[in-house]
Amino acid sequence: MTTNYIGQPVKRKEDNRFLTGKGRYTDDIKLPGMAFAAFARSPYAHAKINSIDTSQAANAPGVLAVYTGSDECGNFGVPCGWLVHFKNGEPMKEPPHPLLAVGKARHVGENVAVVIAESLQEARDAAELIEVDYEELSVVTDPRQAVQEGAPLVHDDAPNNTVYDWEIGNPKEEVDAAMDGAHHITKLDFKNQRLAPNAIEPRSYIADYDVNADKYTLYTSTQNPHLIRLLMCAFVLGIPEHKVRVVSYDVGGGFGSKIYHYTEEALLTWASKKIGRPIKWTSDRTEAFYTDAHGRDYCTTAEMGFDADGKILALRVHSEANLGAYLSTFSTCCPTYLHGTLAQGCYTTPLINIDITAAFTNTNPVDAYRGAGRPEMTYILEHLMDTAALEMGIDPAELRFKNFIPPFDGVNQEGYQTQVALQYDSGNYEGTLRRALEMVNYENFRQEQAAARENGKLLGIGFSTYIEGCGIAPSAVVGSLGARAGLYEVGHVRVQPTGKVSVFTGSHSHGQGHETAFAQFVADHLGISMDDVEIHHGDTDQVAFGMGTYGSRSLAVGGSAIVKSLDKIIEKGAKIAAHKLEAAEGDLEFANGQYTVKGTDKSIAFGDVALTAYVPHDYPEGLEPGLDFSSFYDPANFTYPFGAHICVVEVDQDTGKVDIRRFIAVDDVGNVINPMIVDGQIHGGVVQGLGQALLEGVSYDENGQMITGSYMDYAMPRADDVPFIETDRTVTPCPHNPLGVKGAGEAGAIGATPALVNAVMDAIAHIGIRDIQMPLTPERVWRAMQA
């Protein structure tokens, strides 16, 4: 048969079970004898715990156990997965993160005690009976205030609440000198506000200890089952890995918030052995707001210097990054190696200095959220560019064309070496912007805008030309940057005797469509039907190892590992085929599921080769039976998707309401396996980016109380907030992975936010407004216009 699945908009195989209610999420699982957990959480952002009285809770109906930080579990803490050093070379401050609060509570919602009972309601009722004697302490929630002398200390062993200070780029003196000689400097001071991830499925865990097998099973809504097992076994509970199985079946979204090893996972695993019963805990939506790791939260001062022709001379950025009360798994790398290293953007900026101070505060931990450091840096660069264009009287598209890195493919031209450590793989940044300008009909829009303004309508257009680092690896590089784990991936391909194929991947799917996209390229490589390919993931007993899904790495890293195994399958199959065809192995070619002797009509089908491998009666001497291979893939470099987003808005001058009239996204994610899935990824990311620009934001009051802890106060984008999203693509393949792919999962969230903000500023620039802090709510826009 002839197959041609790659590049086709194949409908997702997995959607049938989701649409018919046959998905298997962690909360759907019911085990015999299962008990339920509920937590007593701190109502204070910062308080000394003088005593905890659990006697009433322990004697309440149905209660099996009550634990606090004074029990054995208080000796365990979850680790941070990335080490960053201060500028002076000292390691970052890394206080313990206990499973239950010990001595102090450091943010509202921190776990203070856990109750395990026969039913969820009994556990919740008993948790309310726990009496804690708190002594309130002073609170700090803002990272810029936290690092000031005299601020309340979140951890006694972290002076000035500083986790680390860190710098990358050119020497500050050189950047300062270039700024001093600049013809024009654009300076902005702003906050990239904190966001709550709000995955449609809240976090859910079931821990089950089997006393007969002396083995633990943790069912968890994670993006990263093998990493959870590694961290929990090696760094928290000290259990041998072969005695722990971590299972993550279907997961309802993650956006980064389900990468991390949360305290509840280890605590329930420990407690299940103590009580000899399985234990379930599923977060409710309020708990999710107070306990999930948040995203963003940077206070930034950024300056960009230009010469008289509009060429960028230098970039200078200082940010305070809020990491919350404790260090989450990947939190420390978000402001540094996922943020500072992308400061080159798409531009030829010759001098760059990025200076970051990370701070502890009395707030939820902050970690990677869709884009993770890249959206924050893109916002800095792209908001500076549009603002500079306005200040210098240069068209914002023209300013970008003046400064773009010239096209390069990474094969005929070398990759582009940035000023901030990374080397880009391939790019054609002007190509995506030119296509976006065609789609928006830019010249006509400017005429329409001028005419509308005369009639009292405020139209604006905003640009964002972004680049991001994806496919996070190679291990040697990230290890030198502080990663405490390798960032390779594993792909295991097992061909059955009938020619059907089972693929076991360390990547994890939580909405990305892996069961479809992976099956497409596997089927094409082997020349078989997609229906003959089955994808398995999410079970550490099925898949030998893996590093999970985040950073748009599934296809670029996980897919490449599978390709390595497919190549081994085809190579061994050629030995079997050559024997059966009585030909030299070098005389064979493999295409469309057939091994053929070149220049003849002699051939053998892949399915017949597979059967021979398992029924080796007529078989090459010395070749072992079977057709089953596993591979590790550790990339040579990151991948670097890029694109151009354009947003057109109308601002109501009476109310300040922003209406998005058009949104255009032209992205280059390298080769595309399934364009329909890629479009869906772009759509979802764009909506999250627009949500940050217009609606979303976690806020705390002066006492550290979250005042946006429900959907009554935290505004999520809804259908009528979102326009039809117009998408297109250019294709610049990645030169260093076998699929030529770059990654698409985060692109929309990175490019959309500055495009929308820049559009609003363009609409109201004529009345002297240069910047409004996100989110651009009607009230904020209206007040700015009135002022």
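This is a predicted model: local features need pLDDT of at least 70, side-chain atom pairs count only at pLDDT 80 or more; totals for chains, interfaces and linings use all residues.

Modeller: Residues are numbered from 1 along each chain as its sequence is written.

Colleague: How far apart are the C-alpha centres of domain 1 and domain 3?

Modeller: Domain bounds come from an automatic or database domain assignment. Domain 1 covers 31-137 + 200-253 + 258-291, and domain 3 covers 488-633. Their C-alpha centres are separated by 40 Å.

Colleague: What area is buried between domain 1 and domain 3?

Modeller: Contact means heavy atoms within 4.5 Å. By that rule, 18 residues of domain 1 touch 16 residues of domain 3. Buried area is the accessible area (1.4 Å probe) that two parts lose on being put together, summed over both. Carbon and sulfur atoms give 51% of it here, and the total is about 1400 Å².

Colleague: Which three residues supply 39% of the area that domain 1 buries against domain 3?

Modeller: No other three residues of domain 1 supply more. They are Gln223, His226 and Arg245.

Colleague: Which residue forms a salt bridge with Asp539?

Modeller: A salt bridge is a side-chain nitrogen of Lys or Arg within 4 Å of a carboxyl oxygen of Asp or Glu. Between domain 1 and domain 3 there are three salt bridges. For Asp539, the closest N and O atoms are 2.6 Å apart, and the partner is Arg245.

Colleague: Which helix and which strand each supply at least two residues of the side of domain 1 that touches domain 3?

Modeller: Helices (H or I, at least four residues) and strands (E, at least two) are DSSP runs, numbered from the N terminus. The helix spans 225-237 and the strand spans 244-247. They are helix H6 and strand E11.

Colleague: How many residues apart in sequence are the parts that Arg144 and Glu320 tie together?

Modeller: The closest N and O atoms of this salt bridge are 2.9 Å apart. Arg144 lies in helix H4 (residues 143-146) and Glu320 in strand E14 (residues 312-322), so the pair links parts separated in sequence by 176 residues.

Colleague: What is the strand order in the open sheet of three strands?

Modeller: Two strands pair if DSSP finds at least two bridges between them. Strand E2 (residues 47-53) and E4 are joined by two bridges and run antiparallel. Strands E4 (104-105) and E6 (131-136) are the edges, each pairing on one side only. The order is E4-E2-E6.

Colleague: Which residue does a cis peptide bond join to Met774?

Modeller: Omega is about -5° at this bond.

Colleague: What is the phi of Ala372?

Modeller: Ala372 lies in the loop between strand E15 (352-359) and helix H9 (374-392). Although Ala372 is not a glycine, its phi is positive, at about 50°.

Technical notes: Side-chain values use heavy atoms; hydrogens and water are left out.
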